[in-house]
Amino acid sequence: MATIEVRGLCKWYGSINAVKDISFSVDEGEIVGFLGPNGAGKTTTMNIITGYISSSEGSVTIGGYNILEQPSRAKAQIGYLPENPPLYPDMTVDEYLSFIYELKGCLLPKEEHISEVCSLAGVEKVRRRLIKNLSKGYRQRVGIAQALVCSPPVLILDEPTVGLDPNQIVEIRSLIKKLGEKHTIILSTHILSEVQTVCDRVIVLSRGQLVADNTTKELHKSVSDGESLNVRIAGPERQIYDLLLSIDGVSKVQRRGEAEKGVFEFDIVTKLGKDVRRKVFNLMCAKNWAILQMKPSQLDLEDIFATLTV
Amino acid sequence: MKAIIKKELSGYFRSPVGYVFCGVYIFFSAMYFNAVLSGGSSSDYPEIYYGMLNIILILLPVLTMRLFSEERKNKTDQVLLTSPVSIFSIVMGKFLSAFMVYGGCILFTLLYALVFSYFATPPWALIAGNMVGAAVFGAAFISVGMFISSLTESQIISAICTFAVATIFIILDVIPMITTNPLIVSVVQWVSFVGRYTPFTIGLLDFSSLIFFLSVTATFIFTTISVLERRRWS
């Protein structure tokens, strides 16, 4: 049974349909990336999953408990980090985590558990400091720590790296990766490299609709209708281009411009299942145009994202 | 609920709000006590509580303005509403914490009775009646303030609106003096907080007033729950 089961989720704000019939499931131990441009419905969907707001239609089940029918049991399975960490600035980190511990009715040994959570989130050094005096990075970490209190099997993290500096982003990403060993995670972001680095699977939302749900590898396959080859050839650009285009099996050639002096770069898109590497090599040899580079190229996640969410 | 009460109580005294509330309450109640002592009559003793009514109406918005407005503004309501705690527990926890601060101030007035006992026998029945009256009166008004706080993100708007309601309660008691219309007079007397409080000042445990205040309290607690519930569904 899936840890998170979302079926036919719809959310209406007056006449605006923010989430349109979204269904997906997340299995135990998966790290799923929620991808989409601003206003795609990511945060709304997460808020519904965590029980912060209700759906207009559809159902959400967490660990077998329906979020509307058994809210306390379902919510007990979730640790949630909203986009803005819900922190009380006048509390110290210790006071805040103790409050969350009591709020969640946690039964684990208090001192050890809070120490463990602090160590995981990397906030041990600031435990006695007031939250209002912490940097943005530490606040984000305290937000993650509160989500980890009571060791919930499901973590829902809404843009956990937003506003952090590059070093902090790397640290938070490796933390999420580490957490993925013990928790099921849904991670919302619009940073595509984050998804590639951290997630096993990607769910792409656009204008409230689910437009893709697959591994990043499968997404590449589903979006591109053929294979792609990147070449650098020394010779006259126009003639190379015409020659490449004339090869049987090539559907498109894209000029990338002059890579080095007198060397031009091209992306050759071939029809599915056609391998044109030998033909390219033989033709260029015949013309005495040196091939300085030839490698299979993939659409990067940015291209896929743009294709799916246009 | 225990976690919320604990958090709210420490929140009051982590900021100046709790100290200001208790300080002002004790200051004015001590002034009234001083006046009672100067008068030299134990029958004047309820004046301490009766005189404090208007002060309470002005002071309680300070206590209630932050209850939900602050949570909404800082978006910390997300941590409460996504935790495995019911909305009823959240609302009751907040209500009880505000009531405890207020109740602590009422209990403090027992010190005056102890001081009074040095000079004369305190009118214990009157004191008990007044303390019960002040408690239910305050509970009702805290629930009104909490309800208003659940409607807005701004603590200032919450305080001003609660203060406006308090002003209406005070003005209501003036209406019977300027009109002879029996219907208006009876309606005003029925809903008047101060009017409902009066029987307690003479040591009467008036059940209709007691039930009135408890009903108002329950109504506004459940209205607050409805507001939070409705927001989730909107």
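The model is predicted, so local features need pLDDT of at least 70 and side-chain atom pairs count only at pLDDT 80 or more, while totals for chains, interfaces and linings use all residues. Residues are numbered from 1 along each chain as its sequence is written, chains are lettered from A in the order in which they are written, and side-chain values use heavy atoms, with hydrogens and water left out.

**Nonpolar cores**

- The largest nonpolar core has 141 residues, and A:Y96, B:Y45 and B:Y102 have the most contacts inside it. Such a core is a set of buried Ala, Val, Leu, Ile, Met, Phe, Trp, Tyr and Cys residues joined through side-chain atoms within 4.5 Å.
- Helix α8 of chain B (residues 124-149) gives the most to this core, with 14 residues. Helices (H or I, at least four residues) and strands (E, at least two) are DSSP runs, numbered from the N terminus.
- Apart from this core lies another, of 17 residues, including A:L229 and A:W289.
- Leaving aside residues up to four places away in sequence, B:Y45 touches B:F33, B:V36, B:T109, B:Y112, B:A113, B:F116, B:P123 and B:I127. Contact here means heavy atoms within 4.5 Å.

**Where the chains meet**

- 29 residues of chain A are in contact with 20 residues of chain B.
- The two chains bury about 2,400 Å² between them, 59% of it on carbon and sulfur atoms. Buried area is the accessible area (1.4 Å probe) that two parts lose on being put together, summed over both.
- In chain A, A:Y52, A:Y88 and A:L103 lose the most area to chain B, together 28% of what that side buries.

**Salt bridges across the interface**

- The rule finds two salt bridges across the interface of chain A and chain B, each a side-chain nitrogen of Lys or Arg within 4 Å of a carboxyl oxygen of Asp or Glu.
- B:K6 and A:E102 meet through their side chains in a salt bridge (2.9 Å, N to O).
- On the side of chain A that touches chain B, β1 (4-13), α2 (71-75) and α3 (93-103) of chain A each supply at least two residues.
- The largest share of that side, six residues, comes from α3(A).

**A loop residue**

- A:P37 sits in the loop between β3 (31-35) and α1 (42-49) of chain A.
- A:P37 is partly exposed, with a relative accessible area of 28%; buried means under 20%, exposed over 50%, and partly exposed in between (1.4 Å probe, protein chains only).
- A:P37 and A:S206 are 169 residues apart in sequence and 6.8 Å apart in space, C-alpha to C-alpha.
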